[in-house]
Amino acid sequence: MKFRNILGKNEKVDIETIQSDFVTLASHQLRTPLSAVKWYSEILLSGKYGKLSLKQREYIEEMYRSNARAINLINDLFDVSRIQEGQIHLEFRPTRVEKVIEEVIDSLETLIRVSRVVINFEILNGPLPEIETDQEKLKRIMTNLLSNSIKYTAAEGRVRLAVEKKSNHLLISMVDSGVGIPKNDYVKIFRKFFRGVNVVKLSPDGTGLGLFITKSLVEAMGGKIGFKSEEGKGTEFYFTLPLKS
């Protein structure tokens with residue numbers, strides 16, 4: 001069987017452009033229905049419209065988790081596409097970092113409740129100054145890091161969030177009591193598509209893109225990111241945001 005070339009002699013197929021356009025289109029088209037499923041799942045789990053039986057709650061919680069994975073995949077693919085094209089668009093405006101963090105914790109309320117993980121949020125060394133940063137990108141960073149901490153921490157475990165003012169930046173840290181990162185994985189942790197063997201066992205459906213995206217966004221916003229970890233004893237991720245000059 002022969003395939004006819006439908007392109008003109010001077011036309012070339014830019015595979016990366018086609019892939020990027022497809023990801024963008026798919027992201028926009030899928031986000032709305034997935035967001036609707038997320039919202040209705042949260043309403044049902046809240047008990048607002050009646051108490052659920054144990055079996056009903058089990059099914060809806062699984063629906064919520066599966067839908068959350070799909071949303072994360074769409075968001076990750078869209079963000080990676082923009083990063084690879086050098087199209088990280090930043091909108092800096094006055095921001096109260098503690099307010100952004102509180103909003104992220106609220107947005108993950110259902111995941112926190114389903115996972116039965118305790119979240120503690122602290123502001124160290126007094127009131128925090130307002131800074132110039134991109135609020136939506138900061139939410140994305142915090143959502144990636146906090147959702148990871150929750151997913152890889154066993155039920156009844158703890159995640160401690162802290163923000164502290166340093167000389168010329170804010171330091172945001174997140175310490176969990178989860179599975180930790182093996183030493184052999186340290187150098188690969190921010191690579192695209194990398195996932196440690198120990199976390200794959202807990203959550204086989206991850207993309208391995210979240211930390212790559214997070215590092216790219218932190219650095220684009222003028223900050224730095226790092227981590228400390230011991231396998232089986234938990235992990236601390238931390239990053240900085242420059243203070244307003």
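Which class of accessibility does M63 have, and at what relative accessibility? M63 counts as partly exposed, at 38% relative accessibility; the class lies between buried (under 20% relative accessible area) and exposed (over 50%), with a 1.4 Å probe and protein chains only. This is a predicted model in which local features need pLDDT of at least 70 and side-chain atom pairs count only at pLDDT 80 or more, while totals for chains, interfaces and linings use all residues. Residues are numbered from 1 along each chain as its sequence is written, and side-chain values use heavy atoms, with hydrogens and water left out.

**View A. M63 and a nonpolar surface patch.** M63 is located in helix 2 (residues 54-84). Helices are DSSP runs of H or I with at least four residues, strands are runs of E with at least two, and both are numbered from the N terminus. Together with V37 and L44, M63 forms a nonpolar patch on the surface, with about 210 Å² of accessible area in total. Accessible areas come from the Shrake-Rupley method with a 1.4 Å probe. Patch residues have over 30% relative accessible area and no salt bridge, and nonpolar side chains are joined within 5 Å. A salt bridge is a side-chain nitrogen of Lys or Arg within 4 Å of a carboxyl oxygen of Asp or Glu.

**View B. The two faces of helix 3.** In helix 3 (residues 97-107), the buried residues are V97, E98, V100, I101, V104 and I105. They lie on the same side of helix 3 because they cover an arc of only 160° around the axis, taken from the directions from the helix axis to the C-beta atoms. The face turned away from the buried side carries K99 and D106, which are exposed. E98 counts as buried at 14% relative accessibility. Beyond residues up to four places away in sequence, E98 touches F121, I123 and L128, where contact means heavy atoms within 4.5 Å.

**View C. I119 in the largest nonpolar core.** This core has 46 residues, and V97, I119, M142, L146 and F239 have the most contacts inside it. Helix 5 (residues 135-151) supplies the largest share, six residues. A nonpolar core joins buried Ala, Val, Leu, Ile, Met, Phe, Trp, Tyr and Cys residues through side-chain atoms within 4.5 Å.

**View D. E230 in strand 6.** Strand 6 spans residues 225-230, and E230 is partly exposed at a relative accessible area of 45%. The C-alpha atoms of E230 and I181 are 5.9 Å apart, although the residues are 49 apart in sequence. Apart from neighbours within four places in sequence, E230 contacts V179, G180, I181 and Y186.

Methods:
Patch = residues over 30% accessible without salt bridge, like charges linked within 9 Å, V, L, I, M, F, W, Y side chains within 5 Å.
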